[in-house]
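I opened my notebook to follow a few charged contacts and then the sheet and helix around them. These are my entries, in the order in which I looked things up.

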Amino acid sequence: MTAKVSYESVEVGTELPAQSFPVTRATLVQYAGASGDFNPIHWNEKFAREVGLPDVIAHGMFTMAEAIRVVTDWVGDPGAVVEYGVRFTKPVVVPNDDKGVLVEVSGKVAALLDDNQVRVDLTAVSDGQKVLGMSRAVVRLA
C-alpha cells in the first residue's frame with residue numbers, strides 16, 4: 001500500500017475527517033481476548049469500583065488504536081504512520097447497556113516536516129471529556 005494523500009495537497013490546518021467509535025462492554029471483552037489483557041477493571045464493574053474507578057473502563061491501548069484510525073483511514077496506508085504517541089488523560093467509562101459510549105476523534109495537520117512527512121494532532125473525546133492528550137502522529141505522505 002502507499003499513501004493516497006500527497007504532501008503537496010495538505011497544509012497546516014488541513015482537517016482530517018472526524019470519526020466516532022462506539023465502545024460497549026462486548027467490545028471490551030473482544031479486545032481483551034485479542035490482546036490478552038484481562039485486567040478486571042475492563043470487564044468487572046464491582047472490581048472497577050472497588051479500586052476507585054467510576055465503572056468499567058476501556059483499555060488505554062484500545063482507545064489509542066481507535067484514535068489512530070482517523071489517520072490511517074485518511075492516508076489510506078497504515079504503514080505510512082512513522083511515529084505515534086499519546087498521553088492517557090481520562091478513562092473511557094463504558095456503561096453496562098446496549099449503547100455503550102462513543103469515542104469521538106478529530107485530527108488536523110499541525111506541521112509540515114521534511115521527507116514528505118506531516119505531524120497530525122488528534123483530539124479524542126468521550127462523554128464530553130478529552131481522553132487522550134498530546135496525541136500526535138507523524139505520517140509519510142505520497
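Entry 1, salt bridges. I am working with a predicted model, and I began by counting its salt bridges, taking a side-chain nitrogen of Lys or Arg within 4 Å of a carboxyl oxygen of Asp or Glu as the rule. The count comes to nine salt bridges.

I looked up Arg49 and found a salt bridge with Glu45, in which the closest N and O atoms are 3.5 Å apart. Both Arg49 and Glu45 belong to helix α2, which spans residues 45-50, and they sit four residues apart, about one turn of the helix. I then noted that Arg49 also forms a salt bridge with Asp55, where the closest N and O atoms are 3.6 Å apart.

Entry 4, a pair between strands. I turned to Asp121, which forms a salt bridge with Arg136, with 3.6 Å between the closest N and O atoms. This pair links distant parts of the chain, since Asp121 is in strand β4 (residues 117-126) and Arg136 is in strand β5 (residues 129-140), 15 residues apart. I recorded Asp121 as partly exposed at 21% relative accessibility, and Arg136 as partly exposed with a relative accessible area of 34%. Going back to shared partners, I wrote down that salt bridges join Arg25, Glu45, Arg49 and Asp55 into one network.

Entry 5, the annotated domain. I checked the UniProt record, an unreviewed entry, and its annotation "domain: MaoC-like" covers residues 13-109.

In what order do the five strands of the open sheet stand? I traced the order as β1-β3-β4-β5-β2, and the pairing is antiparallel. At the edges stand β1 (15-23) and β2 (81-88), each with a single partner strand, so one side of each is left without a neighbour in the sheet. From one strand to the next the twist averages 20°. I reminded myself that strands of a sheet pair through backbone hydrogen bonds, either parallel or antiparallel. For the pair β2 and β5, which run antiparallel, I noted six bridges, and I also looked up Glu83, whose bridge partner in β5 is Val138.

I picked out Thr63, which has its place in helix α3, and asked which residues Thr63 is in contact with, leaving aside its neighbours within four places in sequence. The contacts I listed are Ala58, Val92, Val131 and Leu132. At 6% relative accessibility, Thr63 counts as buried.

Key:
Residues are numbered from 1 along each chain as its sequence is written. This is a predicted model: local features need pLDDT of at least 70, side-chain atom pairs count only at pLDDT 80 or more; totals for chains, interfaces and linings use all residues. Side-chain values use heavy atoms; hydrogens and water are left out. Helices (H or I, at least four residues) and strands (E, at least two) are DSSP runs, numbered from the N terminus. Buried means under 20% relative accessible area, exposed over 50%, partly exposed in between (1.4 Å probe, protein chains only). UniProt positions are given in the numbering used here, feature names are shortened, and annotations may be inferred rather than shown by experiment. Two strands pair if DSSP finds at least two bridges between them. Axes are lines fitted to C-alpha atoms, for helices over the stretch in contact, and angles run from 0 to 180 degrees between N-to-C directions. Contact means heavy atoms within 4.5 Å.
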